[in-house]
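Reader: Hi! Could you talk me through this one while I have it open?

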Amino acid sequence: MLSKRTIIGLVIGSAIIAIGGYSLILHMGTITINENYVIAVGDSTSYTIPAPNHTPQHMEITGDAFDLKLTSPSTGLQIPSSNSEKTMESFKDRIEEPLILDWVHLEDGETRIQIQNTGNSELIITGKLIRSSDPIWFTFDLMVITSGLVIIGFSMGFTLRKPKGF
């Protein structure tokens, strides 16, 4: 017969393993990020989007005036601008009609976006960005599963023999 502490350890360890397994499944593949960000006057921001091949991206930028620079891991970033891979490009009067960027990663790698607010109003950035998962989460999820196994192992020790003091 299993002792009370063994049953409690089995339940807690199994719950921890289940949480780690579920998290491991969630962190596989790509992650969709719905961006909604505001940049104050004179401030700048940058995005680094690691994504696999053929991943579509969407971003809308609304504001008075801003500078934008996009770089891609391959030679053909599919965006409306022709020279944005080399220099900063300036945009003005995009309050009523936002700048819409739709592009596709042509190979695995990182797209880098730099945005500088040069206007007299806040800059609003919205978008749906799809990125690859960070490998550190895989390691973290395995550590959670391992800790659940260790808890079950220790609790099984209470069934075999009862240590002094328990």
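**Helices, core and surface**

Reader: Which residues are buried in helix 1?

Author: Thr-6, Gly-9, Gly-13, Gly-20, Ser-23 and Leu-24 are the buried ones in helix 1. Buried means under 20% relative accessible area, exposed over 50%, and partly exposed in between, with a 1.4 Å probe and protein chains only. This is a predicted model, where local features need pLDDT of at least 70, side-chain atom pairs count only at pLDDT 80 or more, and totals for chains, interfaces and linings use all residues. Residues are numbered from 1 along each chain as its sequence is written, and side-chain values use heavy atoms, leaving out hydrogens and water.

Reader: Great, and how far does helix 1 reach?

Author: Helix 1 takes in residues 4-26, 23 residues in total, and spans 33 Å from first C-alpha to last, close to the expected 33 Å at 1.5 Å a residue. That expected span is 1.5 Å times one less than the number of residues.

Reader: What does Leu-10 touch?

Author: Leu-10, which sits in helix 1, is in contact with Leu-2, Ile-152, Ser-155 and Met-156, leaving out residues up to four places away in sequence. Contact here is heavy atoms within 4.5 Å. The C-alpha atoms of Leu-10 and Ile-152 are 5.2 Å apart, although 142 residues separate them along the chain. Leu-10 counts as partly exposed because its relative accessibility is 26%.

Reader: Where does Met-156 belong?

Author: Met-156 is part of helix 2, residues 135-160. Together with Leu-2, Ile-7 and Val-11, Met-156 makes a nonpolar surface patch of about 330 Å². For such a patch, nonpolar side chains (Val, Leu, Ile, Met, Phe, Trp, Tyr) are joined within 5 Å, using residues with over 30% relative accessible area and no salt bridge. Met-156 has a relative accessible area of 35%, so Met-156 is partly exposed.

Reader: Zooming out, how many helices and strands are there?

Author: The chain has two helices and six strands, in the order α-β-β-β-β-β-β-α along the sequence. These are DSSP runs numbered from the N terminus: helices are H or I with at least four residues, strands E with at least two. Of the 166 residues, 31% count as buried.

Reader: And the largest nonpolar core, which members touch the most others?

Author: Among its 17 residues, those are Met-59, Ile-61, Leu-68, Leu-101, Ile-113 and Ile-115. Strand 2 (44-51), strand 3 (56-71), strand 4 (89-104), strand 5 (109-117) and strand 6 (123-132) each give two or more residues, and the largest share, five residues, comes from strand 3. The core is a set of buried Ala, Val, Leu, Ile, Met, Phe, Trp, Tyr and Cys residues joined through side-chain atoms within 4.5 Å. As for Met-59, its contacts beyond four places in sequence include Tyr-47, Trp-103, Ile-113 and Leu-129.

Reader: Last one: where does Asp-43 lie?

Author: Asp-43 lies in the loop between strand 1 (30-39) and strand 2. Leaving aside neighbours within four places, Asp-43 is in contact with Ile-115, Gln-116 and Asn-117.

Terms used:
Patches are made of residues with over 30% relative accessible area and no salt bridge: like charges are joined within 9 Å, nonpolar side chains (Val, Leu, Ile, Met, Phe, Trp, Tyr) within 5 Å. Accessible areas come from the Shrake-Rupley method with a 1.4 Å probe; for residues, only the protein chains shown count as cover. A salt bridge is a side-chain nitrogen of Lys or Arg within 4 Å of a carboxyl oxygen of Asp or Glu.
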